[in-house]
Every structure is written in C-alpha cells, then in structure tokens.
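Subject: Structure handover

Hi,

Here is the structure we talked about. My notes follow below it.

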Amino acid sequence: MVIYLDNAATSPLSPEVLEAFNDANLNIFGNASSLHSLGRKSRKLLSEARKTIAAKINAEPSEIFFLSGATEANNTVFKIVDYDLIITSPSEHPCVLEPAKASAKPVIWLELDKEGFIDLAELEKHLKDNADKKILVAIMHGNNEIGTIQDIKAIGDLCQKHSAVLHSDCVQTFCKKDIDVKACNIDFMSVSAHKIHGPKGIGFLYKNSKIDKNKLKTFPLILGGGQEKNFRSGTENVNSIIALAKAVETFSGMEKVRELQEKLIKDLLKIEGAVLNGPKDLSKRVTGNVNISFTNSKMDSEQLVLQLDLNGICVSSGSACSASKPLNLSSEDNTMESFVESSYVLRACRLDDKVTSKAIRISISRFNKLDEIEKTAEILRTLA
Ligand code: PLP
C-alpha cells in the first residue's frame, strides 16, 4: 500500500466528491447555455455552485469566475490589471513569478525572513515611495513549500490605504483557513479544486466587483460565446464545477490533520541534524505542511524522495510543479537563470546550502492515518 503524503501537490478525490462528480458526469451533461430542461438543470447547478463558493469567502456569486485552475487564474490577473509596478515576493508559485517577469514592468521583490514571512513595514515603504504609480501587489496567502501563512488582512489594509490592487494566491489555504475577501480587502484571489479533494483542471478567480475600473485593462480575457459574464468564454465545465462545490461543502478533518502534523514534526525533529523549515508556530503554518531538512544526511532532497518512494511513501522535494524552477531577483534583468536542484523558496529565505539541499516536503490530508505517519518517521530515522 502506498502512503500518500504529497497532498500539497495534489489530493485524491474524496468519496463525497467522487460520488457527486460521477453523478454529474452521468446525468448533468446539458450545456448550461441551452434552453431545454437539461440545459436549465446545468445552469441551476452552476448557479448553486457559485453561491456555495462565494459564501465560503464572503463574496458575491457574481464575483466568482470559473476557469481551469490557479495557473490560469494567476496569469489572468497579470493580464487584466492595469499596473506599472509589481510588488511581490520571491516565494510565490511559478505561475505568479513567471507572469510577473514576463510583464516587462518593474518588479519589487520583498525580502523574506528565515520563516518565509514578508516584512509589512518594507511593503508599506515601497507603497509610499511609489505613490505616483499604479501598483499590483501579489502575495500568496499560504506558501506551497514551507507553509508560511502571511498576514493577508494586514497586507490588504496596507494595499487599501495606498490604493494598490491586491492579488492573493490562496490555493494552499482555501478551506483550511477562513478567508473573508471583504474584511481582508483582497481584490483578486485564485483557487484550485485539486488541492481540496476536488478534480484537476477546475478552479476559480474571485474578482472584487468594486474595483476601480481604471485599474483594469483588457476585459474580457477570452472572446466567444460570452460565458462567465463575458469574462471567460467557453462552455462551462459544469460537472467539475459541481465537484468543486462539493469539495468545498465537505472539506473537513483539519483538527486531525493538525494532530498528525504536530506528531510528525515532533518525531522527525528527534533525528540528529533535522531542521524544520517555515514557521515554528503552527498557527501561522498551512495545516498538514511539514518541510524539514536532514542536514546530517548523506542524501540530498531528491535522493531522499526516491528512497522514500522505494519504501512506498510519496513526498516531494520542494513543490511538485516548481522543483528546479528558476528565480532571478533582479527587476531590471528579466532573463531566467537556471536553477540547481535546491528549493528556490528556501534559498529566498536565505537558509544555508545544507538546509536548502536536504529538504523534503511532506503534506498530510484527512485521509492519512496515524500508523502512516509513524511508519514515515520510522523509515526516515533509518534513511536520513
Ligand atoms: N499556486 C499554488 C500555491 C499551488 O500550490 C499550485 C499548485 O500546483 C498552483 C498555484 C497551480 O494550480 P493549478 O494546478 O490549479 O494550476
């Protein structure tokens, strides 16, 4: 039996979602734009799904736009916001880093502390110093590698105070933490279904309907039949959207995941040379995330991941979709330098090579059991 501990990369469909998804695939195949009864049924369920999701983040249903996932959502923000300066952090997911670099606009990279937190005073200084510019701030809520949860409310307050647009990639925290887009002054928010036991290829972008129209440019993004309020044309993926809404409704078990996370951290830190990366305070860390370096080990991250795999345990080195992704912190030079194997997120936290090259990320879900956690710790004791 495989022990799956890579839930930050993607998570298995939950039984509830699978049932809803299968049912939708069998029965809800009408085009949501069709006039007939099957079309109307799809349209009704689409509208219900939008309401469920909007309620989860205190948004209006009309502010939720379905699309193929967070990569599309993040890219979309960089295409539709009118900005002449980006403020972001070097620990963002590549689908934020790459559009920021490709924009050919100046980028200010915020410094990170050793646990991956940005400095709010530094953010405010840049916002003040660039008061004459249209600024897009892109700061993720929870980091996918080291689990750092930024104070998004404080960031949102600063953005509002200085009239900057705030985009937040909330892929790793959606459903795990309460997010109130209005209270946090978030203008755009990206979410992906497959991190919360929903299907791959579906997600949503929240867009604040009150955002000043002068801060937006190309709109609509994709022309065609005018679906998604003419924002993103294309026949709606109703079955996956139903499954996404079901994943939101049924997401649970975070107390148990937190217990398993605590136990694993405790057990692994007993290994000589083990160092926990990311926040030590678990209330500021994505539930289920354990990123740990075995500095005394002869093996680097990838060797450890492969050895664990030989023992039937799936974890990752860095993030699954960004392992060995480049990062060039210069805002003038937009070329990408090739990265060696170690995690760019850990290097952005300015941790030393021993730590960055020997880190693995273990991410727990509600489907993991205590004996799986114990077995993983036991095997790592012999390997690391
Ligand atoms: N942002 C973060 C923080 C992620 O962890 C991921 C997952 O890979 C993505 C964006 C991309 O999401 P998607 O797979 O829906 O494109």
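Threonine 10 counts as buried, at 17% relative accessibility. Buried here means under 20% relative accessible area, exposed means over 50%, and partly exposed lies in between (1.4 Å probe, protein chains only). This is a predicted model, so local features need pLDDT of at least 70 and side-chain atom pairs count only at pLDDT 80 or more, while totals for chains, interfaces and linings use all residues. Residues are numbered from 1 along each chain as its sequence is written, and side-chain values use heavy atoms, with hydrogens and water left out.

Threonine 10 sits in the loop between β1 (3–4) and α1 (15–27). Helices (H or I, at least four residues) and strands (E, at least two) are DSSP runs, numbered from the N terminus. The side chain of threonine 10 makes a polar contact of 2.7 Å with that of histidine 194. A polar contact is a pair of N or O atoms within 3.5 Å; within protein, one must be able to donate a hydrogen and the other to accept it, and residues adjacent in sequence count only if both atoms are side-chain atoms.

**The ligand**

Histidine 194 also faces the ligand: a polar atom of its side chain is 2.8 Å from a ligand oxygen atom. An N or O atom in the side chain of threonine 71 is 2.5 Å from an oxygen atom of the ligand. For aspartate 169, a side-chain N or O atom is 2.6 Å from a ligand nitrogen atom.

**Pockets**

A pocket is found on a 1 Å grid over the protein atoms alone: it is an open set of points where a 1.4 Å probe fits, with protein on both sides within 12 Å along at least five of seven lines. Lining residues have an atom within 4 Å of a point.

- The largest pocket has a volume of about 290 Å³. Its lining has 17 residues, with Gln160, Asn185, Asp187, Asn208 and Ile211 nearest the centre. Helix α6 (residues 152–161) gives the most to this lining, 3 residues.
- The second largest pocket has a volume of about 240 Å³. Its lining has 18 residues, with Ala70, Thr71, Ser192, His194 and Lys195 nearest the centre. Helix α3 (residues 70–80) gives the most here, also 3 residues.

Volume is the space filled by probe spheres set on the grid points, which are joined across faces, edges and corners.

How much of α3 is buried? The count is 8 of its 11 residues, so α3 is largely enclosed by the rest of the structure. Among the buried ones are Ala70, Glu72 and Phe78.

**Cysteines**

How many disulfides are there? The count is 0, with a disulfide taken as a pair of cysteine sulfur atoms within 2.5 Å. The sulfur of cysteine 159 is 11 Å from the closest cysteine sulfur, in cysteine 184, which is too far for a bond. Cysteine 184 is in no disulfide either; its nearest cysteine sulfur, in cysteine 170, is 8.5 Å away. Cysteine 159 is buried at 0% relative accessible area, and cysteine 184 is buried at 10%.

**Serine 317**

Serine 317 lies in the loop between β11 (313–314) and α11 (344–348). It is buried, with a relative accessible area of 16%. Serine 317 and serine 342 are 25 residues apart in sequence and 8.2 Å apart in space, C-alpha to C-alpha.

Best wishes
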